[in-house]
Number of protein chains: 2
Amino acid sequence: MCELLGMSANVPTDIVFSFTGLMQRGGRTGPHRDGWGIGFYEGRGLRLFQDPRASCESEVAQLVQRYPIKSEVVIGHIRQANVGRVCLANTHPFMREMWGRNWCFAHNGQLADFQPADGFYQPVGDTDSEAAFCELLNRLRLAFAAPADIDAMLALLVASCSEFRHKGVFNCLLSDGDWLFAYCSTKLAQITRRAPFGPARLKDVDVIVDFQAETTPNDVVTVLATEPLTENETWTLYQPGQWSLWRRGESVAAGQS
Amino acid sequence: MCELLGMSANVPTDIVFSFTGLMQRGGRTGPHRDGWGIGFYEGRGLRLFQDPRASCESEVAQLVQRYPIKSEVVIGHIRQANVGRVCLANTHPFMREMWGRNWCFAHNGQLADFQPADGFYQPVGDTDSEAAFCELLNRLRLAFAAPADIDAMLALLVASCSEFRHKGVFNCLLSDGDWLFAYCSTKLAQITRRAPFGPARLKDVDVIVDFQAETTPNDVVTVLATEPLTENETWTLYQPGQWSLWRRGESVAAGQS
């Protein structure tokens with residue numbers, strides 16, 4: 001199984017992956033040896049670091065650990081391949097431009113008999129995950145002629161995710177840089193932290209969230225992960241079919257499909 | 001003015017930028033302080049490193065210098081902003097998926113009164129360069145319902161570039177990971193190197209091309225750059241309107257528009 005990680009914050013926030021720690025979860029021999037990737041939004045730009053190599057052997061992973069990048073939306077993924085070869089084109093997160101925004105997607109799970117019809121967006125690699133991402137975008141694009149607000153798109157998004165999860169396992173994170181959408185098929189957890197944070201740094205097993213020097217009492221940071229990343233805090237566990245939408249760290253919509 | 005750099009090779013080849021050198025060309029105070037980017041194809045995957053910061057101050061640039069990535073097609077760009085703010089979304093090269101392949105584009109120059117109609121691909125940032133890239137893809141997509149061979153697309157590509165250059169300056173590099181297309185509006189130079197290379201390493205002022213340990217007598221590497229990068233070799237200088245198409249280091253088509 002893969003590991004998902006997402007962040008939505010109301011101030012540009014550092015999220016630093018301790019890949020070594022994350023790798024140790026399954027031992028250095030697995031299971032998440034088949035690449036990793038992380039996308040940081042910087043304004044409308046999306047900075048994507050990916051490596052088909054295991055994160056414990058990746059020099060790019062070392063850069064990401066050493067070089068905190070401030071972002072309001074982050075999507076990360078550690079891969080254990082089930083469908084698709086281990087190569088860059090099959091490494092999450094995936095990215096497409098739609099309506100002049102960079103959309104970013106990561107998926108945990110697998111889909112059986114998933115053969116969507118060819119649409120405008122087509123997968124570059126051969127994972128079911130990228131095919132599902134393209135299908136989501138194709139459906140949205142077909143349903144909305146012009147750029148639509150996420151509130152208007154939510155029903156279609158949730159219905160599609162719900163349909164996909166009945167074909168297998170479909171936990172996913174999706175963003176256009178403004179909002180972050182999360183869908184749970186089997187396993188997802190969330191926590192929202194607010195100022196004051198005590199020590200400005202919160203250290204998880206696998207993830208460090210730092211707040212920029214000029215933190216304010218209004219700071220809100222939500223972290224989503226496949227499994228809770230700390231033991232001394234109360235994470236909210238998702239039920240199958242549960243979904244949520246975040247903007248600047250705050251929940252703006254949530255429901256059960 | 002910006003600097004373009006492209007490579008097409010028939011074996012996965014290291015191309016390493018000496019950013020320090022490249023920056024010194026205009027002095028540490030300019031002119032190419034407004035970001036840099038480089039895209040390496042790995043199979044069908046495209047690895048993109050970008051930074052809106054000057055390359056001499058960029059930690060990501062240090063990674064790229066330290067960590068040679070083997071690729072058969074590379075597109076690089078150092079930016080001096082003229083249109084568009086200095087930010088990640090305005091940093092070349094740009095990338096879009098079309099027909100299940102990653103297309104990559106970098107532009108040197110500027111276009112006056114360039115306001116293409118909205119199409120399927122839309123710019124995320126506010127540069128004329130990204131708008132021109134989207135317009136190129138929109139025209140191709142409109143003209144070809146299904147994935148077409150580059151030979152079939154060339155006429156439209158060249159005619160569009162020719163049209164664009166009459167709106168200003170339009171030197172560009174474009175690739176889908178298989179072929180590399182170059183168009184000269186004002187300034188472009190090329191060199192093709194073949195085995196035996198003497199010392200396996202060719203060091204330019206700004207760029208190092210390395211050949212993998214298992215080099216063969218059949219190795220062919222073509223480098224394209226805004227200006228010749230070495231003084232002791234004969235570079236071919238392009239005329240305005242001249243274009244070329246490369247695959248695995250070899251010229252497969254060329255012409256004058």
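Chain B superposes on chain A by a rotation of 180° with 0.0 Å of shift along its axis, at an RMSD of 0.0 Å. That is the relation of a two-fold axis. The superposition is by least squares on the C-alpha atoms of residues with pLDDT of at least 70 in both copies.

Some conventions. This is a predicted model, so local features need pLDDT of at least 70, side-chain atom pairs count only at pLDDT 80 or more, and totals for chains, interfaces and linings use all residues. Residues are numbered from 1 along each chain as its sequence is written, and chains are lettered from A and ligands numbered from 1 in the order in which they are written.

Now the interface. 25 residues of chain B are in contact with 25 residues of chain A, contact being C-beta atoms, placed from the backbone, within 7 Å. Strand 3 (45-51), helix 2 (59-66), strand 5 (94-98) and strand 6 (101-108) of chain B each supply at least two residues to that side. Strand 3 of chain B gives the most, with four residues. Helices and strands here are DSSP runs, numbered from the N terminus: H or I, at least four residues, and E, at least two. As for the interface residues of chain B, 100% are also interface residues in chain A, so the copies meet through the same surface.

Last, B:Cys134, in helix 3 (residues 128-143) of chain B. Why is B:Cys134 classed as buried? Because 23 other C-beta atoms lie within 10 Å of B:Cys134; the cut-off for buried is 20 or more, with 12 or fewer for exposed and partly exposed in between, using C-beta atoms placed from the backbone.

Technical notes. Two residues are in contact if their C-beta atoms, placed from the backbone, lie within 7 Å.
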